[in-house]
Amino acid sequence: MAEQIPFITSDDTARITRRFYADSEIVRIPIDRATSLLPLLRPAFRIWLDPCVDGMDDIDSRRDRPWFAFMKRFPRFEDVGKPPFQAKPVASEVEAFVDAILDNCASQKPAWITVPQMPLITNSDRNKINRALAAATGKWKSRKGFAGKLILPVIFTHQEQVNGKTARNPKIQQAEKCYHDAQADGLWVVERSLVDDSGSATLRNRRLPGIVALHQELNERIASRIRIAGPYWGLNLVLWSKGLVEYPAIGVGSGYQYFLAGGHITQASVKIVMPSLRRRVGVSVQLRGWLDAALAKLATMHPAFAELNDIKKQYSSLSSPDASREQVAAFYKNWLDLIANAPRSGRSMALFQDLSAAYALGKSLPDLPNEGTARRPEAVAEPLMLSCL
């Protein structure tokens, strides 16, 4: 079975997962969509259910969302989500909430369940509630005899929590305590504000090195055989290839960034992938012109020439949201398989060489239109390439 973990959030992502990621060992779905999503999945999939507690990061902004209507059935839901309660959590009330939501998850017979946890914030204000949630989970596991795996989420919300070791240390200590209190079996880590294909100047020197160091430090403190990172566009693959995690969490044709449960969904812009550049680009009239300019730069025998020429020929059909998501998903699966086929000890070098080729090609091509800080074609590959070292 393949090691990627698709994050399925909709009927469309379920369909794409069935088509392109049928060899996945585990797929993750949110509990508030379980009833509608489970029938759409392959029976062979093992299910990781998420109780959607991270949406309690900001309950008031989600009151009009279906997530809120689902969550309010659980006792003490709104109390647990309020800062005054979080400052002085009452164990019996936390346990009532945790028991109810984990019972709901367990009724679907998943292989894995996420430990209820709030996203991390810069200060320590959520330490007490997260410790209480973890302790309640551990008690639930002992009492109910849950035979599956419990996965502790460590959800960072801002780069300043990760970039420097001084900021990371207390978060790692807190994660270690919650991991043991919850009797967890695995660790899932994501920095939800990271857009690692943005071309931002901070990616190379601060953000990506900070997250790599975070995983190294977590692994020194928490001995877990289930370690997950992402979803991201490429950093999850870097961490996986370096052996810092066993499972790369992935988007499914879109969604290569983590979004908290219950948030307002915005219509994603249509993006297609340029496989040889290992990146996505936004669909626009100007991009068609860029394809002509790029082809003029390449010899007809260059491996990328046929690829870009095919994209040019199929441009109209690829410009639809459904077709673009499938094109991205198909590429991403091929990319995953390419790295997976290398010996484990050589995966990091294989990914480095793969991204180096994308970087070299990008350096020879003109700026991309409408891509902002990622306008240079090599802007996505370069920081990921350097993170492989």
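This briefing covers the β-sheet, its crossovers and the salt bridges of the structure above. The model is predicted. An open sheet of eight strands, with parallel pairing, runs in the order S1-S8-S7-S6-S5-S4-S3-S2. The structure also holds 34 salt bridges, one of which joins Asp57 to Arg126.

**Sheet edges**

- Strand S1 (5-6) and strand S2 (26-30) stand at the edges of the sheet, and each has a single partner strand, so one side of each is left without a neighbour in the sheet.

**Strand S5 and its neighbours**

- Strand S5 is mostly covered, as seven of its eight residues are buried.
- On one flank, S5 pairs with S4 in the parallel sense over three bridges; Thr114 has Ile151 in S5 as its bridge partner.
- The chain passes from S4 through H7 to S5 in a β-α-β crossover that is right-handed.
- S5 also pairs with S6 in the parallel sense, over six bridges; here Phe156 has Glu191 in S6 as its bridge partner.
- From S5 the chain crosses through helix H8 (residues 165-181) to S6, and this β-α-β crossover is likewise right-handed.
- In general, strands of a sheet pair through backbone hydrogen bonds, in either a parallel or an antiparallel sense.

**Salt bridge between Asp57 and Arg126**

- The side chains of Asp57 and Arg126 form a salt bridge with an N to O distance of 2.8 Å.
- Asp57 belongs to the loop between strand S3 (46-50) and helix H3 (66-71), and Arg126 to the loop between strand S4 (112-114) and helix H7 (127-144), so the pair ties together parts that are 69 residues apart in sequence.
- Asp57 is partly exposed, at a relative accessible area of 29%, whereas Arg126 is buried, at 10%.

**Other salt bridges**

- Arg76 and Asp79 form a salt bridge in which the closest N and O atoms are 3.6 Å apart.
- Both partners count as partly exposed: Arg76 has a relative accessibility of 41%, and Asp79 has one of 25%.
- Arg376 and Glu378 also meet through their side chains in a salt bridge, at 3.2 Å from N to O.
- In this pair, Arg376 is partly exposed at 25% relative accessibility, while Glu378 is buried, with a relative accessible area of 6%.
- Salt bridges that share partners join Asp12, Arg15, Arg19, Asp322, Arg325 and Glu326 into one network.

**Glu326 within the network**

- Glu326, a member of that network, lies in helix H14 (residues 321-340).
- The side chains of Glu326 and Arg19 are joined by a polar contact of 2.6 Å.
- When neighbours within four places in sequence are left aside, Glu326 is in contact with Arg15, Arg19 and Phe20.

Key: Residues are numbered from 1 along each chain as its sequence is written. This is a predicted model: local features need pLDDT of at least 70, side-chain atom pairs count only at pLDDT 80 or more; totals for chains, interfaces and linings use all residues. Side-chain values use heavy atoms; hydrogens and water are left out. A salt bridge is a side-chain nitrogen of Lys or Arg within 4 Å of a carboxyl oxygen of Asp or Glu. Helices (H or I, at least four residues) and strands (E, at least two) are DSSP runs, numbered from the N terminus. Buried means under 20% relative accessible area, exposed over 50%, partly exposed in between (1.4 Å probe, protein chains only). Two strands pair if DSSP finds at least two bridges between them. A polar contact is a pair of N or O atoms within 3.5 Å; within protein, one must be able to donate a hydrogen and the other to accept it, and residues adjacent in sequence count only if both atoms are side-chain atoms. Contact means heavy atoms within 4.5 Å. A crossover is right-handed if, with the strands pointing away from the viewer, the path from the first strand over the helix to the second runs clockwise.
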